[in-house]
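Please go through the following briefing with the sequence and the structure side by side.

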Amino acid sequence: MNRIAGNFMKAAVLYGLAGIILGIVMAGSHDFAMSSVHAHLSLLGWTSMAICGLYYQFVPQAAEMGVAKVHFWLANAGVVAGNVGVLGNAAASKNNTAVVTGVGSVWTNSGDLYIGRNGSSNSLTISDGGQVANGYGYV
């Protein structure tokens, strides 16, 4: 297996294990508040990374391109999960921007998302297939 394919497959296994462990913890506690995180770890982490790894293995000339490394790091950076997302919470927080762009880029919060709660001119831009998932959103 070539290096980039191997890196994607290792990441897939790590995300898959994290999803399984989170699923077991949720089932054991009967608390499913983190179900969106579980779904994103499983679908975007395990499934997407495995598909990319297989692609780079079966199309080795793509794995040799410099963009393959960029793809790996951006794809992994796109699997971001948190509890509560806050941008511009303090009154002095001004002109802050979060950008979620590109297929596979996901900002997941199992709780709430606050954009510009107390500050001014704060923004969230979602484009080109990016996704944001949260309990409640306050913009």
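In this predicted model, H30 counts as exposed, with a relative accessibility of 64%, and this residue sits in the loop that joins α1 (3-29) to α2. Although H30 is not a glycine, its phi is positive, at about 55 degrees. Most residues other than glycine have a negative phi.

**Backbone geometry in the loops**

- A positive phi also occurs at D128, which is likewise a residue other than glycine and has a value near 50 degrees.
- D128 belongs to the loop between β6 (123-127) and β7 (131-133), and with a relative accessible area of 63% D128 is exposed.

**Overall architecture**

- The chain contains four helices and eight strands, and read from the N terminus the order of its elements is α-α-α-α-β-β-β-β-β-β-β-β.
- Along the principal axes, the C-alpha trace of the chain extends over about 50 × 40 × 20 Å.
- The chain has 139 residues, of which 37% count as buried.

- Helix α2 is made up of 24 residues and covers 33 Å from its first C-alpha to its last, which is close to the 34 Å expected at 1.5 Å a residue.
- Which residues of α2 are buried? They are V37, H40, L41, L44, G45, M49, A50, C52, G53 and Y56.
- Helix α1 contains L22, a buried residue whose relative accessible area is 16%.
- Although L22 and H38 are 16 residues apart along the chain, their C-alpha atoms are separated by 6.3 Å.

**The three-stranded sheet**

- Three strands form an open sheet in the order β2-β5-β8, and their pairing is parallel. The edge strands of this sheet are β2 (85-87) and β8 (137-138), each of which pairs on one side only.
- Between β2 and β5 (residues 113-115), the parallel pairing runs over three bridges, and L87 stands opposite I115 of β5.
- As background, strands of a sheet pair through backbone hydrogen bonds, either parallel or antiparallel.

**The largest pocket**

- How much space lies in the largest pocket? The computed volume is about 220 Å³.
- The lining of this pocket comprises 14 residues, and those that lie nearest its centre are L74, A75, V103, G104 and S105.
- Two or more lining residues come from each of the elements α2 (35-58) and α4 (67-77).
- By residue class, the lining of the largest pocket is made up of eight nonpolar and six polar residues, with no charged residue among them.

Conventions
Residues are numbered from 1 along each chain as its sequence is written. This is a predicted model: local features need pLDDT of at least 70, side-chain atom pairs count only at pLDDT 80 or more; totals for chains, interfaces and linings use all residues. Side-chain values use heavy atoms; hydrogens and water are left out. On a 1 Å grid over the protein atoms alone, a cavity is a set of points where a 1.4 Å probe fits but cannot get out, and a pocket is an open set with protein on both sides within 12 Å along at least five of seven lines; lining residues have an atom within 4 Å of a point. Grid points are joined across faces, edges and corners, and a volume is the space filled by probe spheres set on the points. Ala, Val, Leu, Ile, Met, Phe, Trp, Tyr, Cys and Pro count as nonpolar, Asp, Glu, Lys and Arg as charged, and the others, Gly among them, as polar. The expected span of a helix is 1.5 Å times one less than its number of residues. Buried means under 20% relative accessible area, exposed over 50%, partly exposed in between (1.4 Å probe, protein chains only). Two strands pair if DSSP finds at least two bridges between them.
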